[in-house]
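Subject: A structure to look through

Dear colleague,

My notes on what was found follow directly below it.

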Amino acid sequence: MNDNVLTFENIRFSYPGCPASLKGISFMVGRGRKVAVVGHNGAGKTTLLQMCNGTLVPDEGKILVNNEEVTYDRAGLRSVRSKVGMVFQNSDSQIFAPSVFADVAFGPANLHLPDDEIRERVRDALFAVGLNGYEKRPPHHLSGGEKKRVAIAGILAMHPEILVADEPTASLDPATAAEIMDLLDELHEKGTTILLSTHDVELAYRWADEVILLSEGVILHEGAPAEVFADNELMKQARITPPVLLDLYQELVRRHILESGIPPKGIPEMTRLIEGPGPAVIGKIYLADTDGMTAESCRSLLAEHPAWHTGAMETKSRKFCIQSGIMLEYTHGVVDKCLLSAMNGEDSLILTSGGMLERVESRVDMFAKESRTDVKVRRV
Amino acid sequence: MQIMDGFPSPWGQIAAVLLAACILAGAGICIYKVKTRKNNKRHAAKPPAFFDEHILDDAAIHSPLRKVSAWLKLLFCLSAIVISVMSPLPYLPLFIAVVMICASLFIAKTSPRLYGALLTIPIVFAVTGALVLLFVSGGGDTLVDIFTIGTIHVQITTKSLSLAVLVIARTFAGMCSLYFLALTTPMTSLFAVLQKIRIPQAFIDLTMLIYRYIFVFIAEAISIHNAQIMRGGYSTWKEGLNAFSMLLSMLFIRTWERGEDIVVSMDSRCYDGCMVLPDEHGRVTPLSVSCVIVFIFVILSLLVWEMALL
């Protein structure tokens, strides 16, 4: 038995009276993967995503969720929709209840859960997206980023196995978009498979494990981000510009400034490549678990080491820092920033909690292995 | 409802007219202040962006009385409205109006500017209605005879005057009570009340959706309107008519599309006929309950006193 959460088998679809939107789509999403569907406007991304939870019925082909074929009767749709959570591009059409509580509770209530469990799920979901205390707000009193968080919380409260998000960062400012992506990372860390569509190549390149390149209703390529985006012919065919980092890397390779090899995944790798032989002094990255800390212990730790750069990851830890009045230097792309500081011989401290601790360690280990730099992570 | 007979004495009449005039003048001053407030920045005159689409909702949500039980506020306002409509003389409605204004301004801490601006709307209606009554209805002694065409006498009589004053007073009291409710109770806390008084669930669900989407559509209408103004819509009367019809048809289409989106969104979350009500539990303190009871007792006894005066 394979462990695919979602399988598309030769899906064809056309809207009534229109040319075909999807022309034979087949792909598989493994459990616990982060997959990005990338394509230009009108490539069929939204149509494809709406098939995942049975909103649109394919003309041909079949869709399997957890290796079971989706059936389009009432019971079948209910079971699919409780497994596949869908976050729409426009939060205003997703949030339809008059208050945040009522909206997040909508899904669990329609799953006919007992009242206590509904309350608990709403509390947990709002906590996960960092909006606890917003229960009574009406949606028109929320900012765009907060609306997106409420929309995600509404889906989380149903405990889906797969989260499908249509353009989650569209029409958000870069800082808010980065926060939403961090949030998706946290959810992924907790075991949710994530499938999102985007035309933001930078985002797809940095974030995804796997990229599905879609153009005119056909999958042009499916594979690792570096492999998809480095193929200029493919990019031209899909009417997509390659990520800036990759473009720069290829240009530098063409001029023999860099040797060709594994394309850099992020700014630290790129910096490392340009820098050449390893730096003499390498800083350390300290990792602190905010779950076991009080505001005082955290402040005294920082007072002991005034030279440390500080950054926080995860909604909970970020809130902890704000509440205990700790000034943070890095709030987005924290690991990358700390790696850069380490290569510059400076020490830094990352405040985070839960599963994100291991995530930081694995990211740093991967970086150390790939770029042969001896960066160490130490838990405090 | 039958309107009771005139005043017991000319003094009462004069006092009532003076009181009404004072309140109207007060409201007028408020409006004047709104219209002529100083522009600190020396930029080109810009239209006052005082009313936006959320102003009432904002005021209710930030009100210090928000957490007070919606039942208590409803009881307070509904009893005031019913009793002021029952009152045969304008004194009681004016008393209620003064209490409500004080409650809104000092307890609910509404900004006087907002309150004055809100009151202009009903005052305009009440005054036009009362003017018609003043000239058209008859009975009693003639005070001012304006003209007569055939059988139609346009004149002010004692009865028409008292009727006009009574109508203004009742409207005023009713509006002040309603504004107190609107300015302290967000819609979200009324849904639970609607459910408790056995309004069918379907209506409550609809009300919740309507409440949510009113703001979405107002925002949409404003953005369409802005887009039209930017490109010279509404420059002439004819152009304006054309642009306005386009706005309405666009809004209709958007409403339709939004409706379809909601259905998809509800289905994606396994909609099975269940809408959750906002989770709001009001606070009932002994002080607030006793205040409401005392108020109702006072206005009831004033009502009885007025009835006895006639």
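Between the two chains, 30 residues of chain B are in contact with 30 residues of chain A, where contact requires that the C-beta atoms of two residues, placed from the backbone, lie within 7 Å. On the side of chain B that touches chain A, helix 7 (187–196), helix 8 (201–230) and helix 9 (237–268) each supply at least two residues, and helix 9 of chain B gives the most, with eight residues. Helices (H or I, at least four residues) and strands (E, at least two) are DSSP runs, numbered from the N terminus. By type, that side of chain B divides into 18 nonpolar, four polar and eight charged residues; here Ala, Val, Leu, Ile, Met, Phe, Trp, Tyr, Cys and Pro count as nonpolar, Asp, Glu, Lys and Arg as charged, and the others, Gly among them, as polar.

Please keep in mind that this is a predicted model, in which local features need pLDDT of at least 70 and side-chain atom pairs count only at pLDDT 80 or more, while totals for chains, interfaces and linings use all residues. Residues are numbered from 1 along each chain as its sequence is written, and chains are lettered from A and ligands numbered from 1 in the order in which they are written.

Within chain B, helix 3 (residues 70–86) packs with helix 7 at an angle of about 85°, their axes being 10 Å apart; axes are lines fitted to C-alpha atoms, for helices over the stretch in contact, and angles run from 0 to 180 degrees between N-to-C directions. That makes helix 3 of chain B roughly perpendicular to helix 7 of chain B, a term that covers 65 to 115 degrees. In this packing, Ala70(B), Trp71(B) and Leu74(B) of helix 3 meet Ser189(B), Leu190(B) and Val193(B) of helix 7, and the residues of the contact comprise five nonpolar, one polar and no charged.

Turning to chain A, an open sheet of six strands has the order 6-7-8-3-9-10, with mixed pairing, where two strands pair if DSSP finds at least two bridges between them. Its edge strands, each pairing on one side only, are strand 6 (84–87) and strand 10 (218–223) of chain A. Strand 9 (residues 210–215) of chain A pairs with strand 10 of chain A in the antiparallel sense over five bridges, and Ile212(A) stands opposite Glu222(A) in strand 10.

With best wishes

Technical notes
Angles under 35 degrees count as roughly parallel, over 145 as roughly antiparallel, 65 to 115 as roughly perpendicular and the rest as oblique.
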